[in-house]
Amino acid sequence: MKPTDEKNPEYFHKVVDCQYACPAHTPVPEYIRLVAAGKYTEAYMINWESNVFPGILGRTCDRPCEPACRRGRIEEEPVAICRLKRVAADNKHDVRSLMPRVPFEKNGKRIALIGGGPASLTVARDLAPLGYEIHLYDEQDAGGGMMRTQIPSFRLPLEVLNEEVDYVLDMGIHTQFKTYVSSLQEILDKNYDVVFVGTGAPRGRDLVIPGRKEGAVNIHIGVDWLTSVAFEHTNKIGKKVIVLGGGNTAMDCCRTSRRLGGEEVKVVVRSPFKEMKASPWEKEDALHEDILIMDNHVPKKFVIENGRLIGMTFDKVHPVINEKGKRELVPTGEPEVFIEADDVLVAIGLENSFPWIEKETGIEFDNWGMPVVDAVTFQSSNPKVFFGGDAAFGPKNVITAVAHGHQAAISINLYCEEKTLTERPAPFTNLVSQKMGIHEWSYDSDVVNDLRFAVPHADKKASLSDRKMEVELGFDIQTAIKEAHRCLNCDVQTVFEKDKCIECDACMDICPTACITFTMNGDEEDLRTRLKAPSLNLSQDLYISGTLPTSRVMVKDEDVCLHCGLCAERCPTSAWDMQQFLYKVTKAC
Amino acid sequence: MTYIRSKFRHPGLPKNELGYTTQEYEGAISTLCAGCGHDSISGSIIQACYELSIAPHRIAKLSGIGCSSKTPTYFLGNSHGFNSVHGRMPSVATGANMANRDLVYMGVSGDGDTASIGMGQFVHVIRRNLNMVYIVMNNGCYGLTKGQDSATADEGSKSKKGVANPFQPIDLAGLALELGATFVAQSFSGDKEQLIPLIKAAIDHPGFAFINVISPCVTFNNNPGSTKSYDYVREHMEATGTTDFVPEKREITTSYEKGSGTDIQMHDGTYIRLEKLAATRDPFDRLGAINALQNSRNHNEILTGLLYVEPKTSDLHEIIQTSDRPLNSLRQDELCPGTLALADINQDYR
C-alpha cells in the first residue's frame with residue numbers, strides 16, 4: 001500500500017468516527033472535553049456554530065454519531081454523545097454576546113425562505129450576519145417547522161425550542177408566519193435574489209383499506225394529529241388506541257396518546273420488532289410507558305359498527321428470506337387478529353408534496369415527484385431556487401437538514417457573488433501536538449473503564465399526566481463529567497514520523513489494543529491478514545508509513561485505537577506524537 | 001497520565017489452546033526507559049508462552065539484579081516469580097528446579113548479572129545442564145548505574161561519552177558452547193520473527209537452553225560508535241538461517257517445501273525447523289558453531305539464530321537420577337522410609 005497522506009484532511013477526519021458520521025460534522029470530542037472541564041458555554045458555542053440547535057438536538061437527535069463511536073467497538077456501549085450536548089445547553093451562560101453580529105447596513109440582496117424548519121433557519125443563521133435581507137414564510141404561527149409540530153413537548157420543552165429558534169429569528173429575519181405559500185411563482189415574482197425551499201416532508205402517508213372512509217372521524221394521520229396536539233387544538237383521545245407504523249413518529253404518537261387519555265395504547269407494526277425504524281431508545285421509552293408493541297401484523301381493515309370505529313383486523317406474518325436473499329413478510333396462515341380501538345393513528349411514513357410549485361417556475365421533478373437538486377450545491381434546475389432538508393432528498397432528520405442548510409447557504413452566497421458554485425471552500429483543519437512532558441499530555445489520555453451512564457427519567461405517573469412535562473431529566477453535572485471521561489478523544493491523532501523511527505518495537509509492545517504492526521508492505525487485503533490482531537473492520541483505514549530502514553513499514557489499524565498515547569510515551573525518539581486534529585466545515589459565516 | 005495501561009484489549013484477539021489471549025501472559029506496565037530492547041524481549045516471551053499454550057501457573061520466572069532482571073515484572077504476571085540476589089539467579093533456579101521439576105523455568109539475566117558478578121554461577125549451571133531457559137538481555141553496559149561499559153562491551157565500542165572500551169569482551173554464546181551447553185542461540189531484541197521461535201524452542205529443550213539476546217540500551221548505549229546500538233546490530237547481523245519452532249500437531253496440517261530446510265526432532269516429537277540454513281552450517285556440530293562464531297567476530301559480524309543444539313540430552317535430574325515425581329510432592333513417609341528400611345540397608349553392609 002502507499003503511505004498514508006496525512007495532508008489529506010479527510011484521513012484524520014475519518015478517524016474521528018463520531019464527527020465523521022455526523023452530517024454536520026460537529027467536532028464532538030472537542031466539546032465533550034469542554035463539558036468535562038465545566039466549560040459549558042464554550043461547548044455550547046462549538047455546537048451552535050456547527051449544528052445551530054444544540055439544546056434541541058441534545059434531546060431529539062437521531063444520533064448517527066453514537067453507533068459510529070469507537071467506544072462501542074471496545075466495550076458494550078458508545079459514549080452518550082447526544083446527552084452530553086444537552087448538558088452543555090442546559091448549563092451554559094448567556095451566549096447571545098458570542099453570536100455573530102448582524103450588520104445594520106444590508107448588502108442589498110434579498111432572500112426568501114419557504115418553510116420555517118431547521119434547514120431554513122440554518123440558512124438564515126449563516127446569511128443574516130453577512131447582511132442579507134431575509135424573509136421567512138411559514139404556515140404555522142411560530143418557527144421551528146417539524147421540531148415544533150412533530151416532536152412532542154415531553155421530549156422537547158417549548159422553552160428550549162423557542163430559545164434556539166429565536167437566536168436565529170432575532171437576527172433581523174422578516175418572518176411571515178400563518179402564511180401558506182400556495183405558489184412559488186408568486187414568491188419569485190417578488191424579485192428575491194434567491195429562494196430557498198425548506199418545506200420538509202409535510203404529508204403523512206395514509207392507509208387506504210376497507211373502512212377508512214366510514215371510520216374517518218376516529219382515524220388520524222399521525223403527523224397532522226401531533227401538530228394539532230402541539231397547537232392545542234386536540235387535547236384528548238379514546239381509551240383504546242392503535243398506532244400503525246414502527247418509526248419515530250409512531251413512538252411519538254403512542255406516547256402522546258398515553259398523555260391524552262389513552263389507556264390501552266398498542267403500536268402495531270408490519271415488520272419484526274428488531275427491524276422497526278424507530279431508534280432503539282425511543283422504543284425503550286415507549287415500552288417503559290406500558291405501550292404494547294405488536295410486530296409482524298399487517299393491517300387488513302378498519303372495523304366499523306353502527307357507523308363507528310370499533311377496531312381493526314390484522315393478518316399475522318413472519319419474516320422469511322427469499323431466494324434473492326431479501327427479507328419477505330409471509331402470512332403465517334393463522335386466523336386474522338382483531339384489536340379493539342376507539343382511535344387509530346396512522347404513522348406509516350412521510351411524503352413530500354409540492355402542489356404549490358408550478359411548472360413554469362422551471363423546476364424539474366424526477367419520476368418520484370422529487371425536485372431535481374444538486375447533491376453538493378443544493379441548487380435546483382431554476383438557478384435562483386435552492387432546496388434543503390427533507391424537501392430536497394426526502395425525509396431524514398434534523399441534523400441532516402442543518403447540514404443541508406449550511407451547504408445551501410454557501411451556495412447562495414457564492415451565487416449572489418456571481419462565483420462558481422462547485423468551487424466549495426476547503427474545511428478548516430488544525431493539527432497540534434499535545435505533548436507537555438514525557439508522560440504528560442494536554443488532554444486526559446487515561447482510558448476509564450466505566451460503562452455508559454443512564455440518563456435519569458421523571459416519575460412515570462407524573463409525566464404521563466402532563467403532556468408538557470419533560471421525561472428525560474438530563475445528566476446531573478457529576479454524572480455528565482464521568483460520562484464525558486468515557487470519550488476516547490479520537491480527535492487526538494497518533495501521528496507517525498517515519499524518519500525518526502529506530503524500529504525498537506516499543507509502540508507495538510505497549511499498545512493495549514494491538515493496533516500497531518511493523519511488517520513488510522503488501523496490498524491492503526494481504527496486509528490485513530498479517531497484523532498483530534485480526535483486522536476485520538474494513539470500514540476503518542490502515543495508517544501506513546513509508547518504508548523504514550529494515551524495509552518494513554509501520555501499519556496501524558485505526559479500528560480500536562484507544563488514543564491513550566502510550567505509543568508516543570514509549571517512543572524513545574518521538575516518532576509517534578499525539579496531535580489534536582480540529583476539523584471544521586467552512587460555513588458561509 | 002503516567003504508567004497507566006488501559007485494561008481494554010482488542011476485542012478480536014485470538015485464543016490459544018487453553019482459551020487464553022496474550023492478555024493472560026502480560027505483566028505490569030514497564031518502568032524501563034522508552035524504547036528499551038528489554039521490553040521487546042518481554043514481548044517475545046509473552047508471545048512465545050502464549051503460542052505454546054503453557055498455563056501461566058506452570059511457569060517460574062527467575063532473575064537477579066539489573067535492568068534485565070526487573071523485566072519479569074513486565075511479563076507473565078500470572079506466573080511464579082523470584083527476583084533473587086545479584087548474579088545468584090542460577091542457584092535459586094537450581095533449588096527451585098530440584099524441588100519441582102514439573103515447572104518451566106524462565107531465567108532472565110543481564111550482561112552484568114551474568115558476565116560479571118554472576119559468572120561463577122553461570123558456568124556451573126551450564127555444567128550441570130539444569131533444565132531451564134536462560135536469557136541474557138545483553139546491552140553491553142550497566143544501564144541501571146548510568147551506562148558504564150560492561151564485560152560484554154566489544155573492544156573499541158564507544159560509550160555515550162565517546163570513550164572507546166579498551167578491554168576484550170566476554171562472548172557469552174562462545175563461552176556457553178565451550179562449557180558444553182546443549183542449546184545455544186543468539187538473537188536481537190529488534191528481530192521478533194527470529195527471537196520468538198528461538199524462545200519457544202528453548203522452552204521445549206530438555207536441558208539448559210541459553211539465548212544471548214543483543215538488546216540495545218536506548219539511553220546509554222545507542223550512540224554512534226557503539227556496537228550494541230540498534231543501527232549497528234541491524235547492519236552487522238548475520239543469521240545462521242531462519243528458525244521456526246513447529247509443534248508436532250501443527251506439522252500435520254502444514255506443508256513445507258521439501259529440501260528447503262532442516263528439521264530437528266526434539267525429545268517430545270516437536271520440531272525445530274531451520275530454513276535457508278547455510279550449506280556449511282550443521283546445528284549439531286559444536287566445533288563448527290565455535291568456528292562460525294569466531295569467524296563472524298573476525299568479520300565484525302554478529303552471528304544470530306540457533307548456533308548449536310543437542311536435542312536428546314540428559315538434564316540434571318536425569319544425571320543425578322532423582323525421582324520422576326517432583327521432590328516437593330513427596331510425602332514425609334516416602335522421603336523417610338523409616339527404621340525398618342534403614343535396618344535393611346544396614347544389613348547389606350554386614
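# A friendly briefing on a two-chain model

A:D505 is buried because 23 other C-beta atoms lie within 10 Å; a residue is called buried if 20 or more other C-beta atoms lie within 10 Å of its own, exposed if 12 or fewer, and partly exposed in between, with C-beta atoms placed from the backbone. This is a predicted model, in which local features need pLDDT of at least 70, side-chain atom pairs count only at pLDDT 80 or more, and totals for chains, interfaces and linings use all residues. Residues are numbered from 1 along each chain as its sequence is written, while chains are lettered from A and ligands numbered from 1 in the order in which they are written.

**How confident is the predictor?**

- The complex receives an ipTM of 0.87 and a pTM of 0.89 from the predictor.
- Chain B has a mean pLDDT of 89, and 89% of its residues reach 70 or more; pLDDT is the predictor's confidence in each residue, from 0 to 100.
- Residues 249–260 of chain B have a pLDDT below 50, and this stretch has four contacts in the model beyond near neighbours in sequence. Two residues are in contact if their C-beta atoms, placed from the backbone, lie within 7 Å.
- Where pLDDT is low, the predicted coordinates should not be read in detail.

**Two residues with positive phi**

- Most residues other than glycine have a negative phi.
- A:D505 has a phi near 75 degrees, a positive value in a residue other than glycine. Look for A:D505 in the loop between β20 (492–496) and α20 (506–510) of chain A. Helices (H or I, at least four residues) and strands (E, at least two) are DSSP runs, numbered from the N terminus.
- B:S53 has a positive phi too, near 55 degrees, and is likewise a residue other than glycine. The loop between α1 and β1 (59–63) of chain B holds B:S53, which is partly exposed because 13 other C-beta atoms lie within 10 Å.

**Domains and helices in chain A**

- Chain A is divided into domain 1 (9–97 + 445–484), domain 2 (102–202 + 352–416), domain 3 (204–350) and domain 4 (492–584). These bounds come from an automatic or database domain assignment.
- Between domain 1 and domain 3 of chain A, the C-alpha centres lie 31 Å apart. Five residues from domain 1 of chain A and seven residues from domain 3 of chain A take part in the contact.
- On the domain 1 side of that contact in chain A, there are two nonpolar, no polar and three charged residues. Here Ala, Val, Leu, Ile, Met, Phe, Trp, Tyr, Cys and Pro count as nonpolar, Asp, Glu, Lys and Arg as charged, and the others, Gly among them, as polar.
- Helix α4 (residues 40–51) and helix α8 (residues 81–91) of chain A pack at an angle of about 120 degrees, with their axes 8 Å apart. Axes are lines fitted to C-alpha atoms, for helices over the stretch in contact, and angles run from 0 to 180 degrees between N-to-C directions.
- Which residues meet in this packing of α4(A) and α8(A)? From α4(A) come A:Y40, A:A43, A:Y44 and A:N47, and from α8(A) come A:K85, A:A88, A:A89 and A:N91. The residues of this contact of α4(A) with α8(A) divide into five nonpolar, two polar and one charged.

**Where the chains touch**

- In the interface, 25 residues of chain B are in contact with 30 residues of chain A.
- On the side of chain B that touches chain A, α1 (37–51) and α8 (230–236) of chain B are the elements that give two or more residues. The largest share, four residues, comes from α1(B).
- That side of chain B divides into ten nonpolar, nine polar and six charged residues.

**A look inside chain B**

- Chain B has 13 helices and 13 strands, and 48% of its 350 residues count as buried.
- Among contacts in chain B with a separation of 6 or more, 72% are between residues 24 or more positions apart.
- B:D102 sits in the loop between α3 (89–99) and β3 (104–110) of chain B, and B:D102 is exposed because 11 other C-beta atoms lie within 10 Å. B:D102 and B:L327 are 225 residues apart in sequence, yet 9.9 Å apart in space, C-alpha to C-alpha.
- B:N100 is also in the loop between α3 and β3 of chain B. Leaving aside neighbours within four places in sequence, B:N100 is in contact with B:P326 and B:N328.
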